[in-house]
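Open the model in your viewer and get ready to select a few pieces one after another.

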Amino acid sequence: MKKLCLPLLAVCLALTGCAGLPVSREMGDMALLRAMGVDAASGGVAVTGSTGPRAKGLQAEGESALTLAADRASLSAACLAMQGQSDSYVFFGYVDQLLLGEELARQGVQPVLDYFARDGELGLGAQLWLVRGGTAREAVNSGGGEGVDKRLQTLQTDSRMGIASITRTAGEIYTDLLEQGAAFAPALVLSGGEESVLTEGGYGIFKDGALMGFLEGEAAKGLELLYGGLFEDVLEVELPGNKTALRIGSARTSSRLVFQGDVPTVLHITCEVKASLSEYQVQPGASETEKLKEALRAREVTRLERALERLQSWGADCAGLGARAAMACPARWQAVEGVWAEWFARVPIDVTVKVRLL
């Protein structure tokens, strides 16, 4: 029985915090980072982190968001350096927004994604954004006392409602790069002068981990059609004596590869668009309805062709068209899968749009 006294005493001391264990911290002593920006820097990376508005004290008084920054040779060193910049323990486990500067993205995002995949606190569930024509540090600082995550969460909510760009997690982009060698990410631009605001800036296209360029305007809409899903859009059509508007609710795109032997000869793209008549002065008749459908069909074909033209010029099948087509011909797909980027850059593409008015 006496032999158990010393071990029991050690356990008791540990539970009371008197046994030389690491000092525990209350949640109030932690700076919970919500957004992280990573840029290329001379000889390494520039990392910027931001919390949201913080509550402190017994009365939970509001404090402005805390922003920390460090430039080091590696992400690990930069994150460690940020720990010494705050009286609170800097915790990275709540980072759910990752912003990457354009220069770093052009050099390659693989090291950043690898770090997020391996780090014990960070993870690939964070939303990934590209800062077009600027730096991630500028974007993080644009949040001011409210923190940039509030603006990014608004864009996420709008995306889920189909009224903003498609948002993507770091994990989704990481997976696409590993499996198909290409991916896309929503881009943001800083606008508004001194009080900069982050606004949508199209999509950045990656191939083999490096940023190739951007799709914007009609080409960006074409990428959204290729990717499919819920999105809201409007087409206004001026008919004789009847001003009308079509509201687009969803689009679904399928792909099919035609082979001659083991050689792909054509990639068929079929996009099915659902829309409804939202405004009109006079109920359109059958002939007018066909004109409305044809106008919508022509616009969507143009969008798809513009997106595909740019993607083919980069050899970047970021919408996974080849992989989707492969489901119907898995054996033949194996012969071209390893060099699909080369085939995608030159295979003829046939685009068909089917419009359904609800």
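Are α2 and α4 parallel, perpendicular or oblique to each other? Select both: their axes come within 11 Å and cross at roughly 60 degrees, so the two helices are oblique. Axes here are lines fitted to C-alpha atoms over the stretch in contact, with angles from 0 to 180 degrees between N-to-C directions; under 35 degrees counts as roughly parallel, over 145 as roughly antiparallel, 65 to 115 as roughly perpendicular and the rest as oblique.

This is a predicted model, where local features need pLDDT of at least 70 and side-chain atom pairs pLDDT 80 or more, while totals for chains, interfaces and linings use all residues. Residues are numbered from 1 along each chain, and side-chain values use heavy atoms, without hydrogens and water.

Next, show Leu75, Ser76 and Cys79 of α2 with Pro111, Val112 and Tyr115 of α4, which make the contact (heavy atoms within 4.5 Å).

Finally, select Leu223. Beyond its neighbours within four places in sequence, Leu223 is in contact with residues including Phe184, Tyr203 and Leu311.

How values were computed:
Helix = DSSP H or I, 4+ residues; strand = E, 2+ residues; numbered from the N terminus.
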